[in-house]
Each structure stands twice: as structure tokens, then as C-alpha cells.
Amino acid sequence: MSQMAKPSQSVVLVGGPDAGKTNYLGRLWMALDAEKGTITKNGMPAQVEYLRAIAASLNSGAFAQRTPPGVFESTTIPVKWTDKSTCKCGELVVPDCAGEQWERIHRDREWDSDWEQSVASMAGCILFFRGTSEHNIAPMDWSSQSELMKCLEESAANGESPHKLPTQVILVDWLQCLSNAYRDIQETELPLRVSIVLSAWDMVPKESQGSDPDEFLSANLPLLHDYLSANPSLFRSKSFGVSISEGVLSEGDSPFMRRYLGDPSTTGYVVLSSKGNVAKSKDLTLPLAWAFGCACPEFQVHGGVKS
């Protein structure tokens with residue numbers, strides 16, 4: 001049985017700097033507005049101009065600028081979908097802020113009332129990771145980095161700013177914080193639904209683009225993969241390889257850019273494991289649908305939602 005999203009429940013976008021959150025949100029709005037996916041809009045959001053600005057950048061052939069540090073854009077989008085011939089609707093709240101704020105939350109171990117309100121109504125979260133980002137910190141080889149560990153200890157003792165931890169460590173910490181808050185605030189034992197969005201899927205190695213995104217997650221973020229796999233009572237997760245443009249946008253004239261600019265709203269795809277196979281879908285709302293607990297054909301395994 002899928003979990004039904006209640007009105008005003010939210011999906012929280014999670015990810016560090018340059019992880020792909022803002023551009024996915026813009027491309028997602030284009031799909032919701034065009035009503036070309038599992039989930040569609042159910043009226044116009046109050047923050048429609050913010051969403052249109054991101055979409056306008058994508059329509060002009062440029063990725064949108066990432067959210068500036070210190071900015072917190074809470075975007076409320078009324079949505080609807082069909083479940084077993086019945087129209088379901090809810091109010092999707094998408095808190096979107098700069099990745100630097102997530103780093104601060106991890107470092108300072110506290111968040112403000114905006115986040116507390118989002119967690120109080122949270123149905124699930126979408127966790128973003130872009131493998132080609134220069135902001136990623138690779139996992140440490142603890143057996144060969146004794147000097148670095150000594151430096152970390154000295155920095156802590158002197159009250160200096162610590163070195164940044166590997167990206168996967170911070171992602172796991174975020175999920176731990178969200179899961180604990182979700183269970184405490186909502187007083188629920190239901191697992192938190194998590195969509196892992198591996199953004200810029202068109203830029204991962206060719207041999208990985210046709211494989212299960214969960215395999216890419218296991219190979220590149222093994223700590224995160226194993227943490228989710230080992231805690232089925234806490235999380236119900238699914239990995240998605242997502243490309244919003246199917247290539248790198250540039251200012252130059254090229255066959256790719258001419259094709260893209262012909263109709264940007266038709267570009268993009270989602271790769272996922274479906275019914276034991278790897279499927280490629282044009283439905284950019286699928287990660288959102290999983291986070292809400294929608295019953296989609298792509299998620300069905302022997303008549304049920306795959307855990």
C-alpha cells in the first residue's frame with residue numbers, strides 16, 4: 001500500500017551547493033504546468049514568478065543560477081494526480097535554499113522555524129547529488145590519511161574551522177536529522193520516503209547511463225547506499241538518474257543546442273529500476289511522485305510499491 005499525501009504535506013529538497021536542486025525545480029514546474037506527468041498542478045502557486053524565472057532561463061538555453069547563500073525560497077505548489085481512477089490532490093510545499101545553508105545546518109546542529117514547519121508537514125524528501133560537481137568531497141581513505149586526521153584534531157583543539165567532511169557523510173547526517181525530526185514531530189513510526197536524485201545523469205560515464213541508478217549510488221556513495229539499505233524501518237528509498245536537458249547547455253550554435261531550443265519542454269528524462277528492469281521515462285515528476293507515495297505503474301512490483 002502506498003502512503004497517501006495529506007493536504008499541506010511537503011517534500012523537502014536536500015542537497016549541497018551545485019547539486020542540481022534549483023534547475024530541477026524549474027524543470028519540474030514546466031512539467032507540472034504543462035500537465036505532462038504523473039503529478040500535475042492544481043491551480044497556480046503564489047510563487048509562480050520565481051518558478052517562471054527559473055523556467056525562463058532553461059527555455060533560453062541556460063541553466064539557472066543556483067540559489068544565493070542566505071536565500072530561503074519556500075515554494076507552495078498545489079498538485080493533483082489520479083490514483084485508481086480517483087483524483088487525489090494535495091498542497092506541495094518545496095523549501096528550496098542554498099546548499100551552503102544545509103552545510104551550516106550540519107555544522108551548527110540547528111535549523112530555524114522555517115525548517116521546523118517543513119518537517120512538521122513532511123511526507124518525504126528528495127535528496128540531490130551531482131557526481132560532476134566541484135563541491136563534492138571524496139570519501140577518505142582512513143588507512144592512508146593519518147596526517148589529515150592529525151590536522152583535524154589540531155584544528156578542533158585550536159577552535160579553528162574544521163576541514164569539510166566527505167559529501168556522503170554529510171548526506172547521511174542530513175537524513176538522520178530529518179528522520180529523527182520527522183518521527184518526533186509527527187509522532188509516527190512510518191518510514192520516511194526518500195527519492196535519491198542523481199542529477200546531470202547525461203554526464204555520468206556512458207557505461208553507467210543505462211544501468212540501475214542504485215548501482216551508481218552504491219559505487220559512488222557506498223556509505224549513503226548502505227545506510228538506506230540497512231534501515232528499511234526508517235526509510236523507503238528509490239534512486240533516480242535525472243537529466244533535465246539531456247546535455248550541456250552552452251552559448252554556442254551546435255546541433256544539440258538547436259535541437260534543445262526547438263522545444264526545451266520536451267527535453268529531459270528519468271532513469272529508474274522498474275519491475276526488475278532499467279526504465280527510461282520522460283516523466284520528470286517521478287521522483288516527486290515517489291516522495292509523496294503515489295502509486296505509479298513504474299513503481300509496481302508484484303502489485304505493490306517497491307520498498
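Author: Helices (H or I, at least four residues) and strands (E, at least two) are DSSP runs, numbered from the N terminus, and by that rule the chain comes to eleven helices and eleven strands. This is a predicted model, in which local features need pLDDT of at least 70, side-chain atom pairs count only at pLDDT 80 or more, and totals for chains, interfaces and linings use all residues. Residues are numbered from 1 along each chain as its sequence is written, and side-chain values use heavy atoms, with hydrogens and water left out.

Reader: Why is helix 8 called oblique to helix 9?

Author: The axes (lines fitted to C-alpha atoms over the stretch in contact, with angles from 0 to 180 degrees between N-to-C directions) of helix 8 (residues 213-220) and helix 9 (residues 222-229) cross at roughly 120° and come within 5 Å. Angles under 35 degrees count as roughly parallel, over 145 as roughly antiparallel, 65 to 115 as roughly perpendicular and the rest as oblique, and therefore helix 8 is oblique to helix 9.

Reader: Which residues of helix 8 and helix 9 make the contact?

Author: Contact means heavy atoms within 4.5 Å, and here Asp214, Leu217, Ser218, Ala219 and Asn220 of helix 8 meet Pro222, Leu224 and His225 of helix 9.

Reader: What is the mean pLDDT of the chain?

Author: On this scale of the predictor's confidence in each residue, from 0 to 100, the chain has a mean of 83, and 82% of its residues reach 70 or more. Over residues 302-307 the pLDDT is below 50. Where pLDDT is low, the predicted coordinates should not be read in detail.
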